[in-house]
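I opened a notebook page for this model and went through it in the order in which my questions came up. The entries below keep that order.

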4 protein chains.
Amino acid sequence: MDGLTQLAELLREFPGIGPRQARRLAFYLVRRDRNWVDSFAKTLLTAKSEVRTCTSCMRLFPATGDAVDCNICTNPSRDTAMLLLVEKDVDLENIERTGAYSGLYFVVGGTTSALDKDPARSIRLRELEQRIKNSDLREVVLALSATTEGDETATFLRDHIETKVDTKTVTITHLGRGLSTGTELEYVDKDTMRNALSGRN
Amino acid sequence: MDGLTQLAELLREFPGIGPRQARRLAFYLVRRDRNWVDSFAKTLLTAKSEVRTCTSCMRLFPATGDAVDCNICTNPSRDTAMLLLVEKDVDLENIERTGAYSGLYFVVGGTTSALDKDPARSIRLRELEQRIKNSDLREVVLALSATTEGDETATFLRDHIETKVDTKTVTITHLGRGLSTGTELEYVDKDTMRNALSGRN
Amino acid sequence: MDGLTQLAELLREFPGIGPRQARRLAFYLVRRDRNWVDSFAKTLLTAKSEVRTCTSCMRLFPATGDAVDCNICTNPSRDTAMLLLVEKDVDLENIERTGAYSGLYFVVGGTTSALDKDPARSIRLRELEQRIKNSDLREVVLALSATTEGDETATFLRDHIETKVDTKTVTITHLGRGLSTGTELEYVDKDTMRNALSGRN
Amino acid sequence: MDGLTQLAELLREFPGIGPRQARRLAFYLVRRDRNWVDSFAKTLLTAKSEVRTCTSCMRLFPATGDAVDCNICTNPSRDTAMLLLVEKDVDLENIERTGAYSGLYFVVGGTTSALDKDPARSIRLRELEQRIKNSDLREVVLALSATTEGDETATFLRDHIETKVDTKTVTITHLGRGLSTGTELEYVDKDTMRNALSGRN
């Protein structure tokens, strides 16, 4: 198999890239000039080397020196009594972008469900237990997608966390459900409408 | 202009029907047999005659005899201390379908904004004032779409209603905002995320 | 069942109208004023009465007086040696709109296939035989959709017509296949590309 | 700027990749294990080194040894009297996939128009002249997209080639236009319908 075809096959592994686009990207890449291609490869290798998993929140962060914790976890102005759990790095970034949350995060790294015999294989269960043990939490926010996987993961996490913390002092919450921006009332599904009604304020 | 073309032009006035589909529907209608066409015309005329605007909630309802109020407004098991305002009939039906609301409704009939010089032309303002005057309300729910028009209408209604009711006894609420069912966290817009964070529960 | 609901159920039978849009259209219709509704019903009934099936091409046409043939079939400047077969009225109108065809038409009224045991139930087979018998045709154009149904109908029609006409004097043709306007070469399917290659000119 | 952000910015340059997907791909890449990342970078560099522009048809091909011409151009069973011109590599691959063309190719590398003052900057004009000079061609197929750019490029190429070849012996053709597979007659645009009518067969 020639290099161009091999390249296209690796590009196909990228999330959201089909076989046709993979082929097109392969051509695009080898059509770029030598300098760009070298620089792209170098940037990729640098990013990979540079990036470290924060020992506290498990997100990827570009580390310098001996840093083991990311800039959010080490930021003294963040509220350490709040912990928000997300599935993945981009979810965390999307929340951080709002500027509306000032607590800490934990990236669970996947989804699970009640039927999952070994949830620790899909999500960072032991790291999470470690994180919440002896911590001084007031609230744990389960910030999962409003999908079946998200709901099942949230249910699992809630049940599990309740066995690990003092539920008298730690509140476990979920992101609010209701009308998302732009929704026309006429087209709202039954579930969302029910949530919007019960969550009226 | 022949009848088929005239028919297609009237069908074009229907909401959401383009010129091509209007033509197709015109052919469809004249291809149906005589009985069906007669029955369709008759049903349309009957529905138009039968339908009345409820004097209490302003929704259209199929009336029999001398009824002036619809079956929701005259249902003794509905909670008369709650009034939910919607823009249009289909919004009301969509809420009713959830089975999660047992109060009464009021159909304002349109949208308005602070800049609208004569809001009474776009929405049923006087009928609304009449409806809430001397009523024994505990809560008014503003159930507008989560769009710019919906938001501006809700703001206008809230301001206006606050001048007409005793705000110590009547609470004015809005439908809850947040993640709608099916939303993936990665793709949530900033506004919705903020609402989901502040409305966490 | 009330008139409004009955109306919505009849609107659901319209091609391309779902249950939600049917409900919305029903509300739209009864919200229109009395005059408009009366005029719509009258136009529908007029169009239905006025419209006749052309005894020659089988298309619907708005007839006046005793006319039994449509304005295309009776137009002396059309080329009577060419007959173009379409599935339905709107296909004919779409071809007529191009101004690029000056022969006559025949609306077969449906699709069929080799497996269809009684094709005369799906398409106007006897009327077609009648139409081509003793006619002075030079070419029959099979103008069916480039879909499986269209292709199978075209194959059936070709085979059938070949048994009814003198194939030495009558040519049977199909619409040209190839790139449709706006097609980017990169995204063309295999079939279309083969047709575009073999039909190059 | 950290490596991860730099990587996301380079990924944004990829055709068809938006800022959000670029960020997601960057995380994806640095989350893959070290071996995979190294292998991806190596494959990219290999593909870039290996790939050569065929001196005959100008397409990219994975070269071994001193090869200057690609496996199509050097294939003795291809018909050297036919030359098909495409805009880009993936167009060529899409045609090759049909197995319906056995002549040679030439990749012009872009699009141009009559208004373009220096077409040689957008397309490989001199290389094309070189290619057709002294060649023993019978047919040149202009296989451009059925878009405005494609049409204008085809017109330019036809005019230009006619000044360089003996038009008595060399035929210049275009891909056939008409219904593409899956097209329903009712929805065909005017242009395509005209082409389908004039190209009937």
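**Entry 1: a loop residue in chain D**

I began with D:Ile72 and listed its partners: leaving aside neighbours within four places in sequence, D:Ile72 is in contact with D:Arg59, D:Arg78, D:Leu92, D:Glu96, D:Leu104 and D:Tyr105, where contact means heavy atoms within 4.5 Å. I noted for the record that this is a predicted model, in which local features need pLDDT of at least 70 and side-chain atom pairs count only at pLDDT 80 or more, while totals for chains, interfaces and linings use all residues. Residues are numbered from 1 along each chain as its sequence is written, chains are lettered from A and ligands numbered from 1 in the order in which they are written, and side-chain values use heavy atoms, with hydrogens and water left out.

I then placed D:Ile72 in the loop between E2 and strand E3 (79–86) of chain D; helices (H or I, at least four residues) and strands (E, at least two) are DSSP runs, numbered from the N terminus. D:Ile72 is buried, with a relative accessible area of 7%, on a scale where buried means under 20% relative accessible area, exposed over 50% and partly exposed in between (1.4 Å probe, protein chains only). I also looked up D:Asp118, which is 46 residues from D:Ile72 in sequence and 30 Å from it in space, C-alpha to C-alpha.

**Entry 2: a loop residue in chain B**

When residues up to four places away in sequence are not counted, B:Val68 touches B:Thr53, B:Cys54, B:Thr55 and B:Phe61. From B:Val68 to B:Thr112 I read 44 residues in sequence and 27 Å in space between the C-alpha atoms.

**Entry 3: Met58 in two chains**

I checked backbone angles next, and phi of B:Met58 is near 70°, a positive value in a residue other than glycine. B:Met58 sits in the loop between strand E1 (51–53) and E2 of chain B and, at 11% relative accessibility, counts as buried.

**Entry 4: a helix residue of chain A**

Which residues does A:Lys190 touch, not counting those up to four places away in sequence? I found B:Arg97 and B:Thr98 as the residues that A:Lys190 touches. A:Lys190 is in helix H7 (residues 190–198) of chain A and counts as partly exposed at 43% relative accessibility. I also recorded that A:Lys190 and A:Gly176 are 14 residues apart in sequence, with their C-alpha atoms 16 Å apart in space.

**Entry 5: chain A as a whole**

I counted 7 helices and 6 strands in chain A, and along the sequence they follow the pattern α-α-α-β-β-β-α-β-α-β-α-β-α. The radius of gyration of chain A is 21 Å, well over the 17 Å that the globule rule gives for 201 residues, so the chain is more spread out than a compact globule; the radius is taken over C-alpha atoms, and the rule is 2.2 Å times the number of residues to the power 0.38. Taken along the principal axes, the C-alpha atoms of chain A fill a box of roughly 60 × 50 × 35 Å.

Among the contacts in chain A with a separation of 6 or more, 42% are accounted for by residues 24 or more positions apart.

**Entry 6: how the copies are related**

I laid chain B on chain D with an RMSD of 0.0 Å by a turn of 180° and a shift of 0.0 Å along the axis, the superposition being by least squares on the C-alpha atoms of residues with pLDDT of at least 70 in both. The two copies are thus related as by a two-fold rotation axis. Of the residues of chain B, B:Gly16 comes closest to the rotation axis, at 16 Å (C-alpha).

For chain C on chain D, a rotation of 180° with 0.0 Å of shift along its axis gives an RMSD of 0.1 Å. Here C:Gly178 is the residue of chain C that comes closest to the rotation axis, at 2.2 Å (C-alpha). The same surface serves both copies, since 100% of the contact residues of chain C recur in chain D.
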